Amino acid sequence: MVYIARWKVVLILLLSILGLAFATPNALKREVADALPAWLPHKQVSLGLDLQGGSYLLIEVKVEDAIRERLNSLIDSIRDALTPRGGRIGYTGLQRIQNGATVTIRNEADVSRARELLRSATQGFDFESDGRRFVIRPTEQMTREWRSAVVEQSLEIIRRRIDELGLREPDIQRQGQDRILVQLPGVGNPQEIKDIIGKTAKMTFHLLDESASQQDVAGGRVPPGTVLMPSDSEIGPDGKPVMYPVRTRVMVSGETLVDAQPTIEQGRPVVSFRFDSLGARRFGDATRRNVGKPFAIVLDNKVISAPVIREPILGGNGIISGNFTTESARHLSLLLRSGALPVPLTFVEERTVGPGLGADSIRAGAIACIIGLVAVVVFMGLVYGLFGVFANIALFVNLASILALLSVLQATLTLPGIAGIVLTIGMAVDANVLIFERIREEQRAGRTPISAMDAGYQRAFSTIIDANLTTLIAGILLYIFGSGPVRGFAVTLSIGIVTSMFSAIMLTRLMTVHWLRRMKPKVLPI
Amino acid sequence: MRLVNFVPIGTRIDFMRFRRYALMFSAVMCALSIALFAVRGLNFGIDFRGGILIEVRTQGPADIGALRGKLEGLGLGAQLQGFGADTDVLIRIQRQDEGEGAQEAVVKRVRDALGSGVEYRRVESVGPKVSGELIEAGTEAVILALLAMLIYIWFRFEWQFGVGGVVALAHDVILTIGVFAALGLEFNLTTVAAILTIAGYSINDTVVVYDRVRENLRKYKTMPLDDLLNLSLNETLSRTILTSGTTLIAVFSLYIFGGPVISGFSFAMIWGICVGTYSSIYIATPLLIHMNLRRSGVAEDGGETRTAES
């Protein structure tokens with residue numbers, strides 16, 4: 001192992017130089033680094049949210065709600081199927097069960113016809129029959145597709161909303177089966193953003209029920225087909241929100257909106273909206289038939305405005321006026337433009353780090369790193385002299401390589417990640433210590449310098465591999481099972497192990513061997 | 001230049017002499033750790049317990065009493081404590097279990113109650129579902145790590161080495177959990193990261209010794225096992241001291257300068273390195289004797305029939 005082939009020498013030097021080169025952009029200011037041409041190393045390390053400050057929001061999409069809705073429409077399909085032109089088939093017990101629907105046919109004679117009708121109406125579903133009872137379920141794949149569709153749709157709407165907010169480099173991705181991860185660098189208080197992302201924003205237009213009197217409303221009694229809904233902003237004399245008797249039938253729904261903008265009318269902020277042609281027609285019909293009557297604009301089951309229809313609105317344009325501030329008008333327009341979320345969202349995990357703590361963490365990490373580095377360098381120099389210096393040079397290349405790999409792979413550096421680097425500084429010398437101690441031993445046993453060095457590297461090699469591989473196992477497992485900042489630690493630890501093996505076995509060896517050949521000492525100064 | 005030599009050359013420390021006492025001591029420490037864990041429990045952070053953690057910084061030195069007063073009205077049972085600098089206060093609120101959206105609402109109310117005079121350094125909120133998942137992930141990771149390392153050593157060495165290594169490893173993990181239970185330090189995800197790293201480091205250390213034992217087993221076929229193990233330990237002693245030394249230097253630097261956020265992690269690492277080094281010498285190695293490590297047909301029984309009792 002004291003003879004290194006020429007091509008290997010070139011390779012080792014090349015990799016070391018590449019390591020240093022790709023680490024250097026980190027020494028430059030951000031703007032300078034971004035301006036470098038593409039063929040030069042220009043990427044900087046990507047800082048985690050705990051170092052640059054920002055918000056980490058984990059959102060869960062209530063897919064069960066979507067699945068329930070689809071099962072409801074499955075029930076509608078079954079009902080329609082059993083009421084064909086040729087005559088209604090008597091049935092009972094049509095209901096939703098745990099993950100499907102069931103129905104029981106009254107007459108034994110109808111069963112085979114019912115089976116045919118149901119089969120053709122529910123193609124693609126799992127179909128089971130037990131005597132007169134049928135159970136229809138979506139397949140595994142179907143359920144998976146439903147889930148996926150809902151999550152993807154929600155993700156798209158969230159992305160639209162965040163785009164409109166103009167945040168710096170937001171990162172939105174799906175996580176697992178029904179979760180969405182939103183990472184917002186630089187956001188110190190995500191409250192406003194959470195309000196916007198989390199709001200379902202389902203808008204519908206309804207008529208108000210004129211037959212209900214004040215007392216009926218106060219007493220909570222409403223005729224069928226009407227429901228009491230609270231106002232979004234008005235508070236009655238009893239301190240509770242004012243209630244409106246709203247007819248459940250939807251006149252027009254917000255799905256057909258194509259645009260919404262905040263404007264000012266009579267000095268007050270309002271939201272102007274525009275329907276597509278279908279919505280415009282429906283809206284026109286509804287307003288024409290109900291001139292003079294009040295109607296309610298409902299957002300997420302709350303009445304935000306209840307104006308009277310003064311004239312038919314045929315152009316498909318309208319204004320929502322109510323208790324809006326400039327801010328809330330802007331928000332509502334944003335929500336209407338991005339579309340309603342298909343199901344409610346909940347925030348299951350949130351971690352926000354303010355810029356103050358982020359900067360402090362970077363500083364603390366950097367100081368720990370530098371002091372650790374200086375201490376280890378001095379230590380190695382004292383104990384191993386010249387060879388210690390070689391090991392130290394390799395350590396610097398090692399650290400540069402870690403930074404380089406992090407920059408190139410754009411892996412995220414977190415505070416635990418910096419801890420991982422400091423740990424690597426301490427552990428990286430282990431490989432060199434193993435080698436040097438072995439060389440010392442061999443020399444004491446009477447070997448010549450070349451032979452001692454050869455034996456040292458030879459014998460220590462398998463120990464180094466064994467020892468480092470076990471730590472690498474820990475690193476990989478931590479990456480798989482960890483999340484967020486802990487993953488950052490796993491990344492730097494694992495990268496650090498690989499680079500320190502390289503730097504000890506290849507680079508230090510290159511230096512020591514080269515020195516040995518040049519100086520031909522009688523005794524190794526170790 | 002005079003080189004500094006921390007470890008004298010050719011040491012002949014009789015480590016194995018104290019192995020029975022050491023094993024008993026370790027067994028007691030393990031039992032103690034498990035007892036502390038069972039009785040006192042761990043001070044789980046919000047990663048595993050769920051809940052809300054808010055770190056605020058006030059303009060001047062923090063008046064914790066006043067802040068507590070402001071939050072009292074919310075009836076959340078908020079716990080406040082100083083943290084790091086005297087302007088920093090840590091507010092902990094229990095997990096809100098009524099629906100997933102409840103925690104969000106609580107954070108809002110706290111912000112409103114505290115007003116604008118405070119700087120929010122960090123806000124963390126972990127709901128019940130996620131905290132459950134993190135506990136699972138953390139436990140799985142540690143168990144898998146122990147298994148993976150057992151398998152690896154089994155591959156590279158004989159089975160007795162595998163058992164020795166894993167027992168030493170389990171000992172380190174148990175003692176680390178024990179010290180956290182004893183001192184009431186916060187146990188969260190970064191602590192699990194520390195435990196996994198300690199596992200890696202401890203095995204690292206053990207493997208170096210085992211490697212030397214294996215080499216010596218081939219070299220000295222008739223040496224009694226006790227003496228052979230002592231020799232191996234003495235031969236690797238300087239490496240052990242030096243590497244533990246450099247790693248400790250690095251981790252101490254992290255502990256002193258790395259700030260309060262990772263001080264728990266750094267402390268765990270310091271403890272783990274010390275315990276890991278001890279376990280390589282006094283658990284992993286002596287166990288080889290107790291497991292009748294046979295070599296090249298020369299049977300070794302537990303030591304009862306050896307000629308010289310050291």
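This is a predicted model: local features need pLDDT of at least 70, side-chain atom pairs count only at pLDDT 80 or more; totals for chains, interfaces and linings use all residues.
1. Helix α13(A) (residues 449-481) and helix α14(A) (residues 485-519) pack at an angle of about 170 degrees, with their axes 9 Å apart. Axes here are lines fitted to C-alpha atoms, for helices over the stretch in contact, and angles run from 0 to 180 degrees between N-to-C directions. α13(A) and α14(A) are therefore roughly antiparallel to each other; angles over 145 degrees count as such, under 35 as roughly parallel, 65 to 115 as roughly perpendicular and the rest as oblique. The residues of the contact of α13(A) with α14(A) comprise 19 nonpolar, five polar and two charged.

2. A word on conventions. Residues are numbered from 1 along each chain as its sequence is written, while chains are lettered from A and ligands numbered from 1 in the order in which they are written. Local features need pLDDT of at least 70 and side-chain atom pairs count only at pLDDT 80 or more, whereas totals for chains, interfaces and linings use all residues.

3. Now chain A as a whole. Its secondary structure comes to 14 helices and 19 strands, where helices (H or I, at least four residues) and strands (E, at least two) are DSSP runs numbered from the N terminus. The radius of gyration of chain A is 35 Å, well over the 24 Å that the globule rule gives for 526 residues, so chain A is more spread out than a compact globule. That radius is taken over C-alpha atoms, and the rule is 2.2 Å times the number of residues to the power 0.38. Along the principal axes, the C-alpha atoms of chain A fill a box of roughly 110 × 70 × 45 Å.

4. On the chain B side, β2(B) pairs with β5(B) (residues 119-126) over seven bridges, with B:V126 as the partner of B:G51. Six bridges join β2(B) to β4(B) (residues 88-93), where B:V56 has B:V89 as its partner. Five of the seven residues of β2(B) (residues 51-57) are buried, so this strand is largely enclosed by the rest of the structure. Buried means 20 or more other C-beta atoms within 10 Å of a residue's own, exposed 12 or fewer, and partly exposed in between, with C-beta atoms placed from the backbone.

5. Most residues other than glycine have a negative phi. A:D300, in the loop between β15 (295-299) and β16 (302-305) of chain A, has a positive phi near 50 degrees. A:Q410, in the loop between α11 (355-409) and β19 (412-413) of chain A, has a positive phi near 55 degrees. A:D300 is partly exposed, with 16 other C-beta atoms within 10 Å, whereas A:Q410 counts as exposed with 10 C-beta neighbours inside 10 Å.

Technical notes. Two strands pair if DSSP finds at least two bridges between them. Ala, Val, Leu, Ile, Met, Phe, Trp, Tyr, Cys and Pro count as nonpolar, Asp, Glu, Lys and Arg as charged, and the others, Gly among them, as polar.
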